[in-house]
Amino acid sequence: MNKIAQIIQPDDFHVHLRDGEYLKHTVQYSSKYGRAVIMPNLKPPITSIKQAWEYKNRILEINPSFGPLMTLYLNPSVKKEELKEIPSLDWLLGIKLYPSGATTHSEEGVKVSELEKFYAYFELMEKYQIPLMVHGEVSDYEIDFFEREKIFIEKYLINIREKFPKLKIILEHVSSKVGVDFVNSYDNTAATVTPQHLHLTRNDLFFGGIQPHHFCLPIVKTAKDQEAIAQEVLKGNPKFFAGTDSAPHPKNKKESCCGPAGVFSAPISIELYIYFFEKHNKMDWSLIEKFLSKYGADFYGLEYNKRKLSIFQEPLYIPQEYPLGKETVVPMWAGKTLNYTTLILD
Ligand code: DOR
Ligand code: ZN
């Protein structure tokens with residue numbers, strides 16, 4: 001194999017591993033990452049330190065050398081008294097805000113009409129320096145589906161941002177130019193960037209017939225929105241770092257009527273990110289390493305991973321499906337071949 005580069009092992013700052021019989025697969029699919037921020041939208045959601053601790057241990061049982069960074073799901077059952085304990089727990093990274101109705105398992109999240117009731121949490125989170133990860137979308141029927149992020153930012157997120165200036169806010173899976181501009185306008189604000197929002201536009205949802213495996217939330221948008229995100233990554237803006245939002249749903253559900261949102265990319269996501277730089281003629285390993293392995297750690301105040309990722313100029317065929325419990329899951333760009341393969345060797 002033709003090894004062409006080696007970089008610090010990457011982190012995935014946003015992933016869905018699910019639970020139960022899926023977990024033995026999903027943990028392994030993410031295991032080229034040193035650490036991953038584990039989303040709490042289970043059924044029931046992870047709302048206490050105890051639940052997060054137990055979920056973390058279920059993950060570590062499958063792969064003890066993986067680094068799960070847990071999150072809590074913000075809703076009224078999160079106990080305010082627990083917040084002061086969080087800064088001393090190096091495995092619990094932050095709290096996730098899901099506007100109710102915005103995405104998979106968000107029903108028990110925060111109703112946007114009641115968002116101000118949660119300002120007491122934000123105040124404590126600012127005080128204890130607990131990051132707030134945000135799914136930045138409204139879900140009203142009247143609002144154009146492609147403007148959900150824009151409207152959430154304008155109507156709600158700017159208020160939170162300006163009222164709690166020292167609170168670290170991460171606009172998860174940034175999907176629009178408005179989102180990019182928001183992140184760039186404020187201190188203590190960053191965004192995770194997914195492979196699908198770098199590679200796909202809304203044309204990819206419909207080209208050649210409806211493409212359920214490209215449907216995620218926030219939905220992929222126009223070429224202009226995609227370009228805005230791409231430019232920040234290509235110029236090495238440290239506020240934008242890798243977070244796959246890999247969200248497995250079984251193939252039969254995704255390919256049925258009213259299929260759920262989620263693009264599954266975990267096992268091939270590092271290669272998909274590398275392909276993004278290749279496509280833009282920016283095969284600069286130092287830049288790629290910053291995006292995959294440094295900027296996220298810097299924003300959260302974490303050390304870099306000790307291990308290294310080796311990159312080979314070897315074709316990588318993306319399988320048609322991967323096992324998921326008793327079912328299968330279709331990855332992004334199933335059947336396509338990429339030019340680089342990565343491995344953790346040391
Ligand atoms: O597409 C998505 N799928 N977006 C989310 O925010 C949630 C995720 C899931 O959990 O399936
Ligand atoms: Zn997600």
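Arg 18 lies in the loop between S2 and H1.

User: Hi! Where does Arg 18 lie, and what is its phi near?

Analyst: Hello! This is a predicted model. In it, Arg 18 is in the loop between S2 and H1, and its phi is near 60°, a positive value in a residue other than glycine. Most residues other than glycine have a negative phi.

User: Which protein donors does the zinc ion (ligand 2) have?

Analyst: They are His 14 through NE2, His 16 through NE2 and Asp 245 through OD, lying 2.0 to 2.1 Å from the zinc ion. Along the chain, the spacing of these donors reads H-x1-H-x228-D.

User: And where do His 16 and Asp 245 sit?

Analyst: His 16 is in the loop between strand S2 (11-15) and helix H1 (23-29), while Asp 245 is in the loop between strand S9 (240-242) and helix H9 (251-254). The pair is 229 residues apart and links distant parts of the chain.

User: Switching to backbone geometry: which peptide bonds are cis?

Analyst: Two to look at: Lys 43 to Pro 44, with omega near -5°, and Leu 217 to Pro 218, also with omega near -5°. Pro 44 belongs to the loop between strand S3 (35-38) and helix H2 (49-62). Pro 218 is found in the loop between helix H7 (203-206) and helix H8 (223-234).

User: Now the open sheet of 3 strands. What's the order?

Analyst: S1-S10-S15, with antiparallel pairing. Strand S1 (3-8) and strand S15 (341-344) each have a single partner strand, so one side of each is left without a neighbour in the sheet. From one strand to the next, the twist averages 25°.

User: How many bridges pair S1 with S10?

Analyst: There are 5 bridges between S1 and strand S10 (residues 308-312), in the antiparallel sense. Gln 6 stands opposite Ser 310 in S10.

User: Which helices lie across those strands?

Analyst: H10 lies across S10 and S15, at about 135° to S15. H11 lies across S1 and S10, at about 40° to S1.

User: How do H10 and H11 pack, at what angle?

Analyst: Helix H10 (residues 269-279) and helix H11 (residues 285-300) pack at about 135°, with axes 11 Å apart. The two helices are therefore oblique to each other, and H10 passes H11 in a right-handed crossing.

User: Which residues meet there?

Analyst: From H10, Ile 270, Tyr 273, Ile 274 and Phe 277 meet Trp 285, Leu 287, Ile 288, Phe 291 and Leu 292 in H11. The residues of this contact divide into 9 nonpolar, no polar and no charged.

Methods:
Residues are numbered from 1 along each chain as its sequence is written. Chains are lettered from A and ligands numbered from 1 in the order in which they are written. This is a predicted model: local features need pLDDT of at least 70, side-chain atom pairs count only at pLDDT 80 or more; totals for chains, interfaces and linings use all residues. Side-chain values use heavy atoms; hydrogens and water are left out. Axes are lines fitted to C-alpha atoms, for helices over the stretch in contact, and angles run from 0 to 180 degrees between N-to-C directions. Helices (H or I, at least four residues) and strands (E, at least two) are DSSP runs, numbered from the N terminus. Angles under 35 degrees count as roughly parallel, over 145 as roughly antiparallel, 65 to 115 as roughly perpendicular and the rest as oblique. A crossing is left-handed if the near helix is turned anticlockwise from the far one by less than a right angle, and right-handed if clockwise. Contact means heavy atoms within 4.5 Å. Ala, Val, Leu, Ile, Met, Phe, Trp, Tyr, Cys and Pro count as nonpolar, Asp, Glu, Lys and Arg as charged, and the others, Gly among them, as polar. Two strands pair if DSSP finds at least two bridges between them. Donors are N, O and S atoms within 2.8 Å of the metal (3.2 Å for Na, K and Ca); water is not among the atoms, so sites may look incomplete.
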